[in-house]
Amino acid sequence: MNILVCGGAGYIGSHTVYELIEQGHSVVVIDNLCKGHKKAVHKEAKLYVGDLRDSLFLDKVFEENKIDAVIDFAAYSLVGESCSEPLMYFENNVFGTIKLLEAMKKANVKKIVFSSTAATYGEPENIPIDEKEKNVPTNPYGESKLMVEKVLKWCDKAYGIKYICLRYFNAAGAYKTGEIGEDHFPETHLIPIILQVALGKREEISIFGEDYNTKDGTCVRDYIHVTDLASAHIKAIEKLFKDEVSGIYNLGNGTGFSVKEVIECARKVTQREIKAKICERRPGDPSTLIASSKKAIEELKWQPKFNCLEQIIESAWKWHLNHPNGYED
Ligand code: UFG
């Protein structure tokens, strides 16, 4: 198939492009490279540098390529930044995807996999979280993704555009060949920051809050390997072609690790000293997020391969050791 990947130079997008190409698909990538990295784009993918909010640009991409389905990763994704710049988030994440859907409609492309998030749930009432949990986002990032999910529902009803929304929990790790991995600027995520401490690039890791109602007082998250997320997108495309039914799926491992447990595991994997200090809570952090991915396992026939935290951190560590400055090397 010929798949258009929007945001294919970003962290999860670039890993999905690698998986698609490995499985024999042709890939067209759109990325404005404002957060993504040109070096992260697979050599066999056809890259268009441009923005989803530019309709003329999008029409050109659809005219020049016969696209069978779209995967949309293109978005801002920093929770903290979204709280101080909500308009920037709604403009890019919601308006950008609306423009993409308009171009798809024009080009008669009727299938899309959309990159959504556990942040659509906010502070959940039930753990593990299944897709029936209430959606009460606690930040504009999660709200922007939920808004697009709603837009997609109406585009299905009106235009027959079939969609699958994948709500990721905490993505981590890097590609098996060591060619691509996680490189954000600024880096805000727990595992890369811990590994930067192990590399000596940072003095210490700040633990945001030790007074949560969890096993050791620190926040609990469900870490899922980025290539497991990538493979779920391919399963989602296959399902859209097979069943022509839209749906929403959580993607996680179903196991929660506290911030302290993640740091301890990283000490074991790297065999290096990793200094940590307790700080204030970070605003907007839910205490515990653990997925039930039962629906994805049953309906998408998806199965995560990396189901232990040590393996996930090992994979991230390999990337960070070989690319201490990310794609700048
Ligand atoms: N944390 C620290 N110190 C740090 C960084 C993070 O203690 O320096 C803690 C956070 O407070 C949180 C946990 O580590 O409890 C994980 O934090 P991340 O920033 O790595 O990830 P989040 O859980 O905040 O966010 C992730 C994705 C978001 C998505 C969200 C869903 O990055 O895109 O999950 O809730 F929205």
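Contact here means heavy atoms within 4.5 Å, and in that sense C155, leaving aside its neighbours within four places in sequence, is in contact with L101, G160 and I161. The model discussed in this briefing is predicted, with a pLDDT that averages 97 over the protein and reaches at least 70 for 100% of the residues. Among the elements of the protein, β6 has the highest mean pLDDT, at 99, while helix α3 (residues 79-84) has the lowest, at 92.

- A right-handed β-α-β unit is made by β5, α5 and β6.

**Nonpolar cores**

- The largest nonpolar core has 32 residues, and V27, L166 and L251 are those with the most contacts inside it.
- Two or more residues are given to this core by each of β1 (2-6), α1 (11-22), β2 (26-31), β4 (69-72), β6 (162-168), α7 (226-243) and β11 (247-251), and α7 gives the most, with seven residues.
- A second, separate core has 26 residues, including F57, V61, A103 and I112.
- In soluble globular proteins, nonpolar side chains tend to be buried together.

**Cysteines**

- Helix α5 (residues 140-159) holds C155, which counts as buried because its relative accessibility is 10%, under the 20% limit for that class.
- C155 and I12 are separated by 143 residues in sequence and by 25 Å in space, taken from C-alpha to C-alpha.
- The count of disulfides comes to zero, where a pair of cysteine sulfur atoms would have to lie within 2.5 Å.
- For C34, the closest cysteine sulfur is that of C6, and the 14 Å between the two sulfurs is too far for a bond; C34 itself counts as partly exposed, at 44% relative accessibility.
- C83 is likewise in no disulfide, as the nearest cysteine sulfur, that of C219, is 15 Å away, and C83 is partly exposed with a relative accessible area of 43%.

**An open sheet of three strands**

- A sheet of three strands, open and with mixed pairing, has the order β12-β9-β14.
- Strands β12 (257-258) and β14 (288-289) stand at the edges of this sheet, each with a single partner strand, so one side of each is left without a neighbour in the sheet.
- Strand β9 (residues 220-221) runs parallel to β14 and is joined to it by two bridges, with R221 standing opposite L289 in β14.

**Backbone geometry in the loops**

- Most residues other than glycine have a negative phi, and most peptide bonds are trans.
- The peptide bond from I127 to P128 is cis, with omega near -5°, and P128 is placed in the loop between β5 and α5.
- A cis peptide bond is also found from F185 to P186, again with omega near -5°, and the place of P186 is in the loop between β7 (170-172) and α6 (190-198).
- N108, although it is not a glycine, has a positive phi of about 60°; this residue is found in the loop between α4 (86-107) and β5, where N108 is exposed with a relative accessible area of 55%.
- E244, which is not a glycine either, has a positive phi of about 55°; its place is in the loop between α7 and β11, and E244 is partly exposed with a relative accessible area of 41%.

Terms used
Residues numbered from 1 in each chain as written. Predicted model: local features only at pLDDT ≥ 70, side-chain atom pairs only at ≥ 80, totals over all residues. Heavy atoms only, no water. Pairing = 2+ DSSP bridges. Helix = DSSP H or I, 4+ residues; strand = E, 2+ residues; numbered from the N terminus. Core = buried A, V, L, I, M, F, W, Y, C linked by side-chain atoms within 4.5 Å. Buried < 20%, exposed > 50% of the residue type's maximum accessible area, 1.4 Å probe, protein only. pLDDT = per-residue confidence, 0-100. Right-handed = clockwise from strand over helix to strand, strands pointing away.
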